[in-house]
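Please look over the structure below before reading on. The report then takes it part by part.

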Amino acid sequence: MALEEKDVRYVAELAHLELTDEEVKKFLPQLDSILQYMHKLNELDTGHVEPMAQVTYPAAENPSLRSDEPQPTFTRDEALANAPEQGGGCFKVPHVIEKE
Amino acid sequence: MIVTAPLESRECADFLGFRPRNNLSISMDLTTLTISEIQRLLSRREVSAEEVAGIHLERIAQQDQQVRAYLSVCPERALAQARKIDRQVAAGEPLGPLAGVPTAVKDVILTRGLRTTCASRILENYVAPYDATAVERLEAAGAVILGKTNCDEFAMGSSTENSGFFPTCNPHDLTRVPGGSSGGSAAAVAANLATVSLGSDTGGSIRQPAALCGIVGIMGTYGRVSRFGLVAFASSLDHIGPFGRTVRDVARVLRAIAGRDPKDSTSADVPVADYEATLDENLRGVKVGVPNEYFAGLSPEIGDNVQKGIDLLAKLGCSIVPISLPHTDYAIACYYIICTAEASSNLARYDGVRYGFRSPEPELHDMYRKTRDQGFGAEVKRRIMLGTHVLSSGYYDAYYLKAQKVRTLIARDFLEAFEAVDVIVTPTSPIPAFKLGERVDDPLQMYLADIYTVTASLAGIPGISVPCGRTKGEPRLPVGMQILAKHFGEARLLQVAHAFEEAGGFAIA
């Protein structure tokens, strides 16, 4: 096994996931076997291949930019309607900056 | 808790005063009709759109306790739309191409004022503030939206067992999965709980459940249908597309939802053809490519049927051309690197701040971590972890960049093949519907079953799955045949699929 428990915890930290010990134990072999499988791509020489950065078929004339004009959008109430916590017309979050 | 669909719809159907007319002198079952049959009855005033909607809501109340295709039902919205159609009929106004058509929508597609959960606990109480463009276009064409269907959480899965709420059952055998991730949308149409439905397809999530449920499902070219209002999973792969019981129904829905949308910068400015106008053209001279890589090692229970399907296409005048798509074997690895990378990025937005579930922690970072750990299910976490890993410092080139290069090779395989053939025919899934619970603990095995569908997703080309008979053993389960075409070749796809259907291909034995 190439992947270790500490790698799983490190990636979970990067992804803002707090995994339980049980989850770490369950995911380790699963993630390891999937990543091993992905190494299959190394069989291919891709030295002279361009990465596919754009999926939209080149023949499709794609005016991907529209004019930048103000459009009607949500009211404040609509934007806040799904907030888990709100106050004073804002989203409320736990303390970010410590008080002096 | 999500209120189960049957309860909700029954209460609301009573509340809204819907009663099936006792004097309904029509012997046919309104829930088995095609779009044009419904519209013929409407325009002759033999039935009202309200009756059609009401009978579907009744049926959902009675039957969906077994199938569990719906996460929520919206009788008020359905009946209001149906009554609007009835007023148009009464006034002699022209009807839209989907007028009165009972439609289900996968719960990853936003519907204004209705809960849109993505089958995830983290969005359990999320009420969408706007309609997806596809939903807007459906309703503008007269469609009657009945409710929101179950799926794998955030469309991640191939069986609908990853739903955060409950699994959906295959209407052909309730002990089996309907496929996924759009399993609820496929099961609803297969069980006559909707005439058509919308699903989303990232690596096969429309085509595979269509195959496992014995119906038709199409994924258009990347950019054919606007994704505005589709909750993002993997943005370079996500599509919206329809399910139906006939090719003609699917053609009509696709035409209604396709086309440029300024709200989705990836939607293509390519004219939308009148797909129904070319459905009846004969297939003489159409070149059908059969890629050997898709048949090597295929079990006979699927392979025999698809071979018979190909034989039937030959009888219809197609020339069958053996072809090779040499990078097929690398598609699963390539796909799961790209889709998990994009998912880990897209799902970063679920932080418990602006919407969705929040774990009540006093410290910000604890709040993020606990919210995400408690809100996401196992498969979503696995994919976020994989995606974060393949994008992380030191691994990006080895995984993500490598996969993007392999994606170029896979797309190139198709472009070269389509210089010699008009369409490509393959199995949709290497296996028929499997037992609920049978594969949940082996994610890699689950991923490998997507082998025949992820290739078209990576290349950005359109694909359709059509029924192709049933397996021989008991129970006899639906088999699906996939047809692929070049970019924006939807009209050709639908034409071949329709001729196949007309020639009895769906019931091939």
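## Model and numbering

This is a predicted model, in which local features need pLDDT of at least 70, side-chain atom pairs count only at pLDDT 80 or more, and totals for chains, interfaces and linings use all residues. Residues are numbered from 1 along each chain as its sequence is written, while chains are lettered from A and ligands numbered from 1 in the order in which they are written.

## Chain A

Chain A has 3 helices and 2 strands. Here helices (H or I, at least four residues) and strands (E, at least two) are DSSP runs, numbered from the N terminus. Along the sequence the order is α-α-α-β-β. The radius of gyration of chain A is 23 Å, well over the 13 Å given by the globule rule for 100 residues, so chain A is more spread out than a compact globule. This radius is taken over C-alpha atoms, and the rule is 2.2 Å times the number of residues to the power 0.38.

The C-alpha trace of chain A spans about 55 × 50 × 25 Å along its principal axes. Of the 100 residues in chain A, 15% are buried (20 or more other C-beta atoms within 10 Å of the residue's own, with C-beta atoms placed from the backbone).

## Contact between the chains

Chain A puts 45 residues into the contact and chain B 58 residues. Two residues are in contact if their C-beta atoms, placed from the backbone, lie within 7 Å. On the side of chain A that touches chain B, the elements giving two or more residues are α1 and α2 (21-38) of chain A. The most comes from α2(A), with 7 residues.

By class, that side of chain A has 30 nonpolar, 8 polar and 7 charged residues. Ala, Val, Leu, Ile, Met, Phe, Trp, Tyr, Cys and Pro count as nonpolar, Asp, Glu, Lys and Arg as charged, and the others, Gly among them, as polar.

## Helix pairs

Helix α1 (residues 5-14) of chain A packs against helix α12 (residues 378-391) of chain B at about 95 degrees, with the axes 9 Å apart. Axes are lines fitted to C-alpha atoms, for helices over the stretch in contact, and angles run from 0 to 180 degrees between N-to-C directions. The angle makes α1(A) roughly perpendicular to α12(B) (65 to 115 degrees). Val11(A), Ala12(A) and Leu14(A) meet Met385(B), Thr388(B) and His389(B).

Within chain B, the axes of α3 (residues 49-67) and α4 (residues 75-90) come within 7 Å and cross at roughly 155 degrees. That makes α3(B) roughly antiparallel to α4(B) (over 145 degrees). This contact has 9 nonpolar, no polar and 3 charged residues.

Notes
Angles under 35 degrees count as roughly parallel, over 145 as roughly antiparallel, 65 to 115 as roughly perpendicular and the rest as oblique. A residue is buried if 20 or more other C-beta atoms lie within 10 Å of its own, exposed if 12 or fewer, and partly exposed in between; C-beta atoms are placed from the backbone.
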